[in-house]
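Have the model open as you read.

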Amino acid sequence: MPLKKRLHIDIPVRLTDVKAVFSISALAFEGDLPASIFHLQLIKGDIADWKAASEVVAVFHTNAGHVTLNDNSYNADRNVATGNPYKKLVADLMKRGVKVELCGATARAHKWGNVDLLPGIEVNTDAMARTTQLVQEGFVKITE
């Protein structure tokens, strides 16, 4: 059996309050998992471990807007018949307290309406305005 390698954390981070907005314009992958979703899961796990207060917002826009679509709309937009492979991951993030939003400019460009979205997804004016607003309110911007 191979020896387990030890990892020493040189800079431990422990926060009491987290205000973060993830600006997600495209999907990059960690294996088959979108890195943005992995990173959202990671910070929500940290927040739970720290018992920290938090507000985490994920703004999907541009080439990542399709993540917010229901199965029928996803199939039509992506020209597939598989349904939205991200819907359970998004629902889990929302259950863990992540506010998930879609850019209104992206929705308009694709001719998506609210009926096309997964339950609980809110539409903002546009990703740039919303991200600016949240940064001005003290959120840290994380670009994915």
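A residue is called buried when its relative accessible area is under 20%. This is a predicted model, and in it Asn124 comes in at 10%, so Asn124 counts as buried. You'll find Asn124 in strand β6, which covers residues 122–124.

What does the side chain of Asn124 make a polar contact with? That would be the side chain of Glu101, at 2.9 Å. Setting aside neighbours within four places in sequence, the contacts of Asn124 include Glu101, Val59 and Arg130.

Glu101 forms a salt bridge with Lys99, where the closest N and O atoms are 3.6 Å apart. Lys99 itself is partly exposed, at 35%.

Lys99 also meets Glu122 in a salt bridge between side chains, 3.2 Å from N to O. That pair links distant parts of the chain: Glu122 sits in strand β6 and Lys99 in strand β5 (residues 98–103), 23 residues apart. Glu122 is partly exposed, at 42% relative accessible area.

The structure has five salt bridges. One of them pairs the side chains of Lys87 and Asp71, 2.5 Å from N to O. Lys87 is in helix α3 (residues 87–95) and Asp71 in helix α2 (residues 71–78), so this pair ties together parts 16 residues apart in sequence. Lys87 is partly exposed, at 31%, and Asp71 counts as partly exposed as well, at 25%.

Notes
Residues are numbered from 1 along each chain as its sequence is written. This is a predicted model: local features need pLDDT of at least 70, side-chain atom pairs count only at pLDDT 80 or more; totals for chains, interfaces and linings use all residues. Side-chain values use heavy atoms; hydrogens and water are left out. Helices (H or I, at least four residues) and strands (E, at least two) are DSSP runs, numbered from the N terminus. Buried means under 20% relative accessible area, exposed over 50%, partly exposed in between (1.4 Å probe, protein chains only). A polar contact is a pair of N or O atoms within 3.5 Å; within protein, one must be able to donate a hydrogen and the other to accept it, and residues adjacent in sequence count only if both atoms are side-chain atoms. Contact means heavy atoms within 4.5 Å. A salt bridge is a side-chain nitrogen of Lys or Arg within 4 Å of a carboxyl oxygen of Asp or Glu.
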